[in-house]
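Please read the following report alongside the sequence and the coordinates.

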Amino acid sequence: MGTKNGYEVRVRGLVQGVGFRPFVWRLAGALGMRGTVRNDAKGVLIQAAGERFQSFLERLESEAPELSRIDGIDVTPIALELPDAFEITPSGPRGAETVVAPDAATCPDCVAEIHGTGRRRDYAFTNCTNCGPRFSILQALPYDRSQTTMAAFEMCADCRAEYEAASDRRFHAQPIACPACGPSLSMRPPSDDPLGAVADLLRAGAIVAIKGLGGFHIACDATNAGAIAELRRRKHRPSKPLALMGTPEMAKAYTAATARELARLADPAAPIVLLQRGDRALPDGIAPYLTTLGWMLPHTPLHHLLFDRIAVPLVMTSGNLSGEPQVIGNAEAEAKLGPIADAILFHDRDIARRLDDSVERLTPRGPVVLRHGRGRAPGTRPLPEGFGDAPDVVAYGAHLKSAICLTKNGQALLSHHLGDLDDLLTWEEFLTADRDYAALFDHGPVAVACDLHPDYRSSRHAAGCGLPLIEVQHHHAHLAACLAENGWPRNAGKVAGIVLDGLGLGTDGTIWGGEILLGDYSGFDRTAWLKPAPLPGGDAANRDPWRNLLARLDQAGLAGTADALFPGRPRDLLRQAVAAGVNAPGSSSAGRLFDAFAAALGFEGTQSFEGEAAMWLEALAGRASAHQARPYPFFDTPKGLDPAPTFAAWQRDRNAGIAPELMALRFHTGLAEAFAAKARSLVEGGRAKAVALSGGCFQNALLLELVVDALEGLPVLCHRHVPSNDGGLALGQAVVALARLDAG
Ligand SMILES: [Zn+2]
Ligand SMILES: [Zn+2]
């Protein structure tokens with residue numbers, strides 16, 4: 001070979017289908033470089049030479065397209081036969097692509113275009129390389145129009161010219177479309193002006209189903225309490241919060257959104273962000289009891305055109321029947337949503353897979369993902385150092401908030417949120433997603449991972465795969481998920497995991513959920529836990545917070561208080577069951593402790609959705625006039641953290657007429673400090689290198705903040721991209737499986 005006159009630049013990460021090659025082409029041209037750029041199985045490969053190569057390299061990273069994510073750049077000097085200019089060359093052979101771009105909100109250029117005078121004025125399917133549908137229309141890889149649901153639409157000459165021009169914003173934009181050649185809107189009942197008709201209906205208080213990117217929504221005027229009540233009645237959804245959609249101006253008017261929250265709303269993923277209610281009131285019925293509102297911005301051209309015609313925020317809740325997955329097909333929408341909605345706004349671009357809206361919130365530690373869906377899925381992330389050459393495995397997650405994780409080519413790929421596997425249609429969705437992801441990513445697992453609980457549908461499915469089965473304890477998987485998403489290297493040592501969660505089967509056959517685990521990917525020791533309390537009535541105790549309060553008060557020697565609080569409840573029956581050990585398993589669940597304390601402060605009746613009582617309690621504490629409160633005490637025994645003194649202190653506060661808001665805050669502070677102190681002693685004693693926080697309870701931003709405060713001075717790992725709840729569990733299972741495969 002000749003002298004090394006140039007460089008080969010390998011770019012890894014989310015760099016395909018996001019306009020990366022035209023960006024490289026423009027940048028190289030501006031800097032007078034010669035060379036080539038192309039896609040291949042590992043990402044983007046550049047060969048380049050020129051005097052300004054260093055500047056090229058710097059700007060490659062600093063000016064990369066907004067939708068891209070660079071995981072690494074490797075530069076190798078090589079000898080090159082260079083063209084006279086810089087060229088985009090055809091893609092390399094199809095390899096094992098693992099990185100697929102998620103769907104992205106309409107970009108400012110496209111918004112300007114639908115409001116302009118050109119051929120895409122008012123066109124509801126406008127998109128470009130920087131925005132539009134991706135994963136939701138993808139049927140197979142590589143990502144090419146013929147493998148998407150846009151295959152049915154033949155490009156017109158104008159679109160074709162844009163698609164083929166490297167200098168155009170639509171160069172290789174696979175969903176490119178215009179009114180002459182692309183999808184179109186329609187409506188039931190029919191109208192010549194569907195957008196105008198739907199806007200009129202919504203203003204008049206009607207309920208309308210609207211096809212979005214990843215599924216149908218059900219919409220109504222969010223300022224109209226009557227319409228909201230009617231929507232709840234028709235949807236059989238008594239109190240679960242309803243998501244809202246509105247412009248940034250509306251978000252500023254109706255919520256107390258901070259600058260960081262407004263920026264998060266405008267992220268290309270366009271997630272639902274939980275915002276504090278503002279001065280301008282919206283009806284309570286949107287989110288009864290809660291101080292937060294789930295808000296998202298208009299993120300498709302259809303939404304933007306709708307909000308051109310409507311001056312109020314809209315309820316935009318998922319279009320499904322109670323408990324079922326979101327509807328994606330037009331015929332399905334007519335059958336299922338027809339009885340709920342007064343009208344349906346359709347279009348003829350099919351949705352390839354159901355993607356619920358992502359849900360996120362900002363905490364003092366940064367943004368956290370609560371539900372991993374549209375705009376975030378597939379959430380490909382590099383595996384931590386030490387797992388680079390790991391084999392393919394698949395992990396099947398838990399039962400509620402189900403999601404699947406695949407590992408391949410040094411990446412972990414977390415599926416979209418699938419939901420509660422008790423529902424039969426969601427279970428079918430799970431099986432479909434399993435096949436879908438395996439085919440899409442050409443996945444050949446050598447092992448499967450699942451929860452230790454043998455009765456989860458996901459566990460039974462894993463056991464039936466005919467591959468080596470690796471069962472992972474629920475809270476160990478939470479801990480490992482937190483380590484993996486923080487890139488904790490495989491050999492970096494043990495951490496103290498504070499895992500505060502609902503229920504998960506422990507290695508001793510009892511039900512865990514409030515744990516201090518000392519461990520890493522390969523294993524753990526359970527060093528401390530919340531003192532177990534019975535769950536009187538088993539599953540019923542998960543729905544009825546008062547049952548947990550009865551158990552905790554009896555345990556704390558406050559049975560008389562329980563008698564006074566619950567005169568009409570079947571206390572004696574439950575106490576007999578607890579005494580006889582019938583349908584009253586003991587559990588260290590932190591989630592059930594939250595439920596018990598919510599009941600102590602007045603949460604009545606049965607929860608209509610998972611986590612309702614805990615959300616109620618967090619909202620109550622958030623209303624406390626003080627921002628700091630003396631913690632309620634715990635007994636710290638060598639193993640257990642016993643909350644009995646918390647309930648005794650609560651009783652004294654209650655008798656003294658202390659405000660429930662302050663008691664709620666004292667509860668949060670006490671729990672946070674008790675667990676933080678246990679974790680701190682493991683780090684300061686030299687047994688752990690850091691503290692990791694995981695489990696569903698850490699969706700509670702107040703609890704997270706208090707625990708982080710109590711750990712001041714220590715390295716703390718928190719979830720950001722992967723849910724701390726069971727939605728992130730599959731990632732943890734996958735890395736634990738990889739660690740064990742190697743060890744075994
Ligand atoms: Zn665009
Ligand atoms: Zn066209």
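Which residues in α5 are buried? In this predicted model, where local features need pLDDT of at least 70, side-chain atom pairs count only at pLDDT 80 or more, and totals for chains, interfaces and linings use all residues, the buried residues of α5 are Pro194, Leu195, Gly196, Ala197, Val198, Ala199 and Leu202. Buried means under 20% relative accessible area, exposed over 50% and partly exposed in between, with a 1.4 Å probe and protein chains only. Residues are numbered from 1 along each chain as its sequence is written, chains are lettered from A and ligands numbered from 1 in the order in which they are written, and side-chain values use heavy atoms, with hydrogens and water left out.

**Helix α5 and the sheet**

Helix α5 spans residues 194-203 and is mostly covered, seven of its ten residues being buried. Helices (H or I, at least four residues) and strands (E, at least two) are DSSP runs, numbered from the N terminus. The elements that cover the buried residues of α5 include β6, β7 (208-211), β8 (216-221), α9 (301-308), β12 (314-318) and β13 (343-347), where contact means heavy atoms within 4.5 Å. After α5 comes Gly205, with a positive phi near 95°.

An open sheet is formed by ten strands in the order β6-β13-β7-β8-β12-β9-β11-β10-β14-β15, with mixed pairing; two strands pair if DSSP finds at least two bridges between them. At the edges stand β6 and β15 (366-371), each with a single partner strand, so one side of each is left without a neighbour in the sheet. The pairing of β7 with β13 is parallel and runs over three bridges, and Ile210 stands opposite Leu345 in β13.

Cys159 lies in helix α4 (residues 157-164) and Cys181 in the loop between α4 and β6 (185-188), so the pair ties together parts that are 22 residues apart in sequence. Cys159 counts as buried at 0% relative accessibility, and Cys181 also counts as buried, at 10%.

**Aromatic contacts**

The whole structure holds 18 aromatic pairs. Rings of Phe, Tyr and Trp (its six-membered ring) pair if their centres lie within 6.5 Å, and planes under 30 degrees apart count as stacked, over 60 as edge-to-face and the rest as tilted. Two of the pairs are tabulated here.

| Pair | Centre distance | Plane angle | Class |
|---|---|---|---|
| Tyr123 and Phe125 | 5.6 Å | 65° | edge-to-face |
| Tyr396 and Phe430 | 5.6 Å | 55° | tilted |

Tyr396 lies in the loop between β17 (393-395) and β18 (405-408) and Phe430 in helix α11 (residues 424-440), so this pair ties together parts that are 34 residues apart in sequence. Tyr396 counts as buried at 3% relative accessibility, as does Phe430 at 0%; Tyr123 and Phe125 are buried too. Elsewhere, ring pairs link Phe594, Phe597, Tyr632, Phe647 and Phe667 into a cluster.
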